[in-house]
Amino acid sequence: MLRTLSRYIGLFVGAVLLVAPVSALAQTTPGAYVGHDLRGPTVEIEAENATAHITFYGDSIVRVDWTPPNTLRPDSSFAVVQDPDTHPPNVQTRDDAVWVRGSGIDVKVHKDPMHLQFVDANGEVLTREQDTGFGYEDDDRMLQMHLDEATNVYGTGERAPTFNLRGQAFELYNTQHYGYDEAPSTMKINVPLAVTNSAYALFVDTISPAMFDIGASEEDVFDIEAEGGEITYYVIQGEDIPTQLEHYTGLTGRQPMPPKWALGYIQSRFGYRTEAEAREVVETLLDRDFPLDAIILDLDWFEHMGDMDWDREAFPDPFQMMRDFRDEGVKTLAITEPYMVTNARLFDNADQGGYLATDDEGDTYLIDDWWSCPDEIKEGEEGCRAALIDFTNPAARDWWWGQHPVFMGDEMAALWTDLGEPENHPEEMRHRWGTAREVHNVYSLLWAQTLAEGYREWRPNDRFVNLTRAGSAGIQRYSPILWSGDVSRSFTGYQAQPPMLLNMSLSGLAYYSSDLGGFTGELPDELYTRWFQHGTFTPTMRPHGNDSDLTEPTDFGTSKEQTLREYVQLRYRIMPYIYTLAYENYSTGMPLVRPLMFEDESLYDEDETYLFGDAFLVAPVWEQGQRERTVPLPEGSTWIDYWSGDAYAGGQSVTVDAPLSEMPLFVRAGSIIPMRPVASNVEEQPQDVLHLDVYPAPDQARHSATLYEDDGQTRNYETGAYAVTSLHQKQHMIGEEHVFDLTVGAAAGTYAEQPEARTIEATVHHIAEAPASVTHNGAELAMQTSMSDWEADGGVYHDAEAERLHIQINDASVDTAHTLRLHTPTVAPMSE
């Protein structure tokens with residue numbers, strides 16, 4: 001068996017594309033209105049051939065269940081956790097329609113043919129079903145929603161090849177593609193959530209294999225077909241997509257705060273085959289001044305898939321190894337899979353316990369020619385065969401979690417769960433809850449839930465991390481870090497990443513990245529460098545790939561190593577900024593990576609450039625040999641080239657140099673970026689030093705930012721153990737004097753090990769001349785004549801050549817607001 005080619009190649013039988021457009025079904029439609037009834041908070045509207053059940057969830061969400069005669073309305077959901085309103089809605093009957101009125105959305109039920117229209121509080125139509133919007137035939141269900149001409153659609157999970165999905169059709173059936181170049185339209189993570197620029201989102205609450213046709217067959221129709229199950233959908237009102245995401249993640253749950261180390265640099269490869277090799281990699285990275293927060297062990301840590309026990313020949317003392325790594329500040333993650341080969345240590349236990357998926361006769365279903373066995377099958381074995389754990393069986397879930405504490409010990413920090421589509425899922429396989437196709441899309445969510453809940457019971461106050469490849473709506477509640485799978489090492493594979501990254505961000509799944517450098521094939525130095533630069537500004541940063549070429553940044557020559565080191569160190573400098581973005585996602589559902597259209601609606605198709613939070617505009621270089629990049633800049637802001645300091649007005653495209661050592665990067669004028677000194681890992685970064693990178697705006701408006709802080713590892717933040725510090729800047733006039741104020745507010749809140757005071761350093765950019773004076777809360781600061789004096793004694797130093805003003809105050813209480821005022825500064829002019 002060839003290690004680099006055999007991994008993850010399964011016989012994927014289940015994903016049969018639904019090629020017929022749903023409108024071609026000979027479906028039964030609701031017909032005319034018959035009557036209605038109020039049942040608690042739900043209004044049941046009966047038609048000749050179907051019933052619509054309408055329920056409100058607060059001011060901004062309405063749920064609709066369509067059921068054929070003699071079928072029950074779904075009473076549970078894998079995704080939705082929000083409770084519906086308890087009070088009944090107001091129902092008004094008219095000649096042509098029934099109005100069901102909520103507190104923010106009204107539903108107009110047209111009588112003949114019966115279909116639904118959704119209206120906001122101002123009487124504006126959000127969206128509507130087509131005249132015969134709902135239909136059914138046998139076990140299939142269909143829904144047709146109208147698409148206005150100006151409506152663009154995004155989200156739906158891991159979706160490519162385009163960002164804007166208008167005009168696309170695709171299946172929602174979790175599917176792994178090994179070594180892909182151009183991204184297929186259906187991949188491993190499917191979320192039936194469509195957000196729009198038309199003040200609403202549509203969430204179809206189904207785990208069934210489904211088809212979305214978003215104006216591909218008929219340009220003004222959003223066709224939805226679900227294979228089995230009923231149609232339940234939610235219309236979510238939101239004036240913009242961030243608001244829609246806030247409501248959606250309130251409905252389905254928000255992602256908990258990750259431990260801070262998970263946002264640092266994580267090193268991985270397929271694979272580190274021995275303990276000695278893993279130790280050497282960690283030692284080399286740290287010796288060469290690469291910050292490092294975690295190392296990942298691929299499947300070499302066990303002998304047989306499903307053992308859940310260390311291979312002591314390859315890893316003779318794994319717990320001491322992990323303790324030694326931990327003493328260096330490096331966490332350990334190890335891979336696990338849901339498949340178990342027949343010669344695994346636990347196979348007989350699982351087989352006899354009924355914990356494995358079965359065939360029609362109730363016997364364990366064995367997949368032939370499984371890829372993970374050793375190259376030579378041992379004497380007496382029948383060949384390599386594997387079974388799949390049935391996570392729809394509660395007993396199997398409990399049993400499987402029970403294997404984890406023993407191999408993890410007190411040392412392992414997190415888990416990597418792989419193959420969870422499930423990758424090889426024959427249609428003949430049966431689960432406790434149904435057929436392979438019926439449970440396929442929810443399988444990874446059930447696995448993630450099993451581990452998250454088991455971990456929480458085992459380590460009640462520790463944050464959980466699950467690096468996983470597949471998922472569905474609601475999995476964000478179980479702390480996944482997702483990635484784009486086994487992409488080829490090619491510029492084409494690299495170019496496939498941006499639409500998936502952005503659509504995942506608009507699907508409630510904020511922590512998504514890729515194997516930096518790609519997974520399969522040979523790895524060119526230039527490709528690795530460009531992918532690595534991009535990965536610095538993604539939610540997680542993790543090279544990975546097969547070992548035909550190494551994935552460590554120390555293996556690409558001295559000059560490239562220096563470039564790669566600088567990017568890792570840059571990520572650690574802005575770690576307070578990244579961690580604050582994580583808190584924003586936890587509290588509001590706002591993703592870390594954001595499309596430019598959030599700032600400029602005219603950029604509704606742009607997916608090669610993106611925002612990382614509010615401050616950074618990231619323009620990765622996607623083409624081989626490219627040494628300049630044309631970058632669209634959203635209107636409404638001034639954008640500053642991070643490397644040159646040049647400033648540009650938004651609303652235009654600019655072409656900038658892009659040498660291999662630099663990825664084009666811009667900062668929004670008005671930004672205040674909280675930073676900390678680089679250290680070997682996030683725990684070593686001093687919490688009593690706060691650096692602020694300040695970019696004045698060319699106006700006299702007040703510009704604000706936030707710094708979020710907690711202990712970085714426990715769940716105490718859930719009960720209020722955290723601090724939020726407001727940051728503000730403003731240019732204004734006091735009489736005839738021009739002043740610039742930078743204010744660090746008093747910290748609101750406390751947490752364990754919070755410093756009582758800290759050193760505050762600020763670098764204010766575009767200060768062409770030294771100010772007449774700088775004061776701290778009214779007291780004048782000393783002006784220094786050199787950078788070394790400033791570093792030693794604090795105060796103020798003006799770097800005339802770089803047009804930067806450096807300010808330092810020491811022993812600044814976190815409970816006090818600190819205003820630094822620049823008197824008569826000259827801000828460098830902004831270029832156009």
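Reader: How much space lies in the largest cavity?

Author: This is a predicted model, where local features need pLDDT of at least 70 and side-chain atom pairs count only at pLDDT 80 or more, while totals for chains, interfaces and linings use all residues. Residues are numbered from 1 along each chain as its sequence is written, and side-chain values use heavy atoms, with hydrogens and water left out. A cavity is a set of points, on a 1 Å grid over the protein atoms alone, where a 1.4 Å probe fits but cannot get out; grid points are joined across faces, edges and corners, and the volume is the space filled by probe spheres set on the points. For the largest cavity that comes to about 60 Å³.

Reader: How do the residues lining the largest cavity divide by class?

Author: Lining residues have an atom within 4 Å of a point, and here they include Trp261, Ile296, Thr540 and Arg542. Ala, Val, Leu, Ile, Met, Phe, Trp, Tyr, Cys and Pro count as nonpolar, Asp, Glu, Lys and Arg as charged, and the others, Gly among them, as polar. Sorted that way, the lining has eight nonpolar, one polar and one charged.

Reader: What is the volume of the largest pocket?

Author: A pocket is an open set of grid points with protein on both sides within 12 Å along at least five of seven lines. The largest pocket is lined by 45 residues, and Pro74, Ser76, Phe78, Asp205 and Ile207 lie nearest its centre. Its volume is about 1100 Å³.

Reader: Which way is the disulfide handed, right or left?

Author: A disulfide is a pair of cysteine sulfur atoms within 2.5 Å, and the one here joins cysteine 373 to cysteine 384, S to S 1.7 Å. The torsion about that S-S bond is about 75°, so the disulfide is right-handed.

Reader: Is cysteine 373 buried or exposed?

Author: Cysteine 373 sits in the loop between helix H5 and strand E22. Its relative accessibility is 7%, so cysteine 373 counts as buried.

Reader: Which residue's side chain does glutamine 144 contact?

Author: Glutamine 144 lies in strand E10. A polar contact is a pair of N or O atoms within 3.5 Å; within protein, one must be able to donate a hydrogen and the other to accept it, and residues adjacent in sequence count only if both atoms are side-chain atoms. Here, at 2.8 Å, the partner is aspartate 223.

Terms used
Helix = DSSP H or I, 4+ residues; strand = E, 2+ residues; numbered from the N terminus. Buried < 20%, exposed > 50% of the residue type's maximum accessible area, 1.4 Å probe, protein only.
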